[in-house]
Amino acid sequence: MRTEKSRLIQIAILAVLGLAAALSLALPQLLRGEREEQLLSLSVMLRDTDSSGWTVARQGMEQAADELGAELRFLTLTAAGDSEEQEALLLREIEDGAAALVVVPADPAALSAALDPWLVVCPTVTLESPMEGASGVVAPDNAQLGRELAQALLEDWDGGEVLLLDTAGRCAGVADRVAAAEAALAEAGAPVRREPELPEDAPRWVMAFEPSVTQRTAERREAEGRDYTLYGVGSAAGVTAQLERGNIAAIAAWSDYAAGYLAVRRAVNAARGAGGALSPLPFFILREEDIYAPENQKLLFPIMSSSSR
């Protein structure tokens, strides 16, 4: 009797051990499957055809996605600023199951109208310009940026016309920068004119309000030996290099890495039903002598700063 009882106990122990072994093999697969099911698909679209100026912002996006359980799909336009193509591509992404969108809108009003029926099921976060119905915008205070950049010019200004490169199109954020700078300059008595492109007869004082335009205008100054004094925006490597070489007098700079990170974090939270306030991105007016100040290292050289830790 005792022998039979011992045999049953041994069988029970072996069964428990076998079940534990099976669970140890199956549980990781089950948990991995659960994580994959919860992984959110986010679509990211800029309004440019060349995304090289957004390299650091993309790194911030990828870091946030990795931390928060999302996968990113990056899309580019075939023609810069083509709002109709942007609308069509984003609608396709929604139909294909995107949980949220991160977008730099080419035409915020038109995009809002096109996406309006879908914004409840597919939250959208914008960069650069606000959009009605969006779950938030990640951008500096564009009007304040325009005013402070104009003030930087006025600190150097000793007379003469100021040219504003008005490349905003229907981009509300950039338009706010231009309008605020123009108002600040006019209030100080500086004559102002707007042009969509840099003319051959450019005056001594020039302002640009987009990173890509700032970089191109600085490169043209260097290549053509022009003597205008340029004030612009951005913290990308190309802009920083031109500031260092003296082709830009001052820039309004903000953290592209933070912008990308915050945009994805906001989109993921919105897709999961969470809210919260978004503050404008802090920005700084920098001149050549400010480039290597310790407090500006993470802003202008985020990759180097993180690799040195």
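Q: Which residue in β2 does L40 stand opposite?

A: Two strands pair if DSSP finds at least two bridges between them; strands are DSSP runs of E with at least two residues, helices runs of H or I with at least four, both numbered from the N terminus. Here L40 stands opposite A70 in β2. The strands β1 (residues 40–45) and β2 (residues 70–75) run parallel and are joined by six bridges. This is a predicted model, where local features need pLDDT of at least 70 and side-chain atom pairs count only at pLDDT 80 or more, while totals for chains, interfaces and linings use all residues. Residues are numbered from 1 along each chain as its sequence is written, and side-chain values use heavy atoms, without hydrogens and water.

Q: In what order do the six strands of the open sheet come?

A: The order is β7-β6-β8-β9-β10-β11, and the pairing is mixed. Because β7 (192–195) and β11 (284–286) each have a single partner strand, they stand at the edges, with one side left without a neighbour in the sheet. Direction ignored, neighbouring strands of this sheet are turned by 20 degrees against each other on average; axes are lines fitted to C-alpha atoms, for helices over the stretch in contact, and angles run from 0 to 180 degrees between N-to-C directions.

Q: Which strands does helix α5 touch?

A: Contact means heavy atoms within 4.5 Å. Helix α5 (residues 142–156) packs on the sheet and touches β6 (162–165), β8, β9, β10 (250–253) and β11. The direction of α5 makes about 160 degrees with that of β9.
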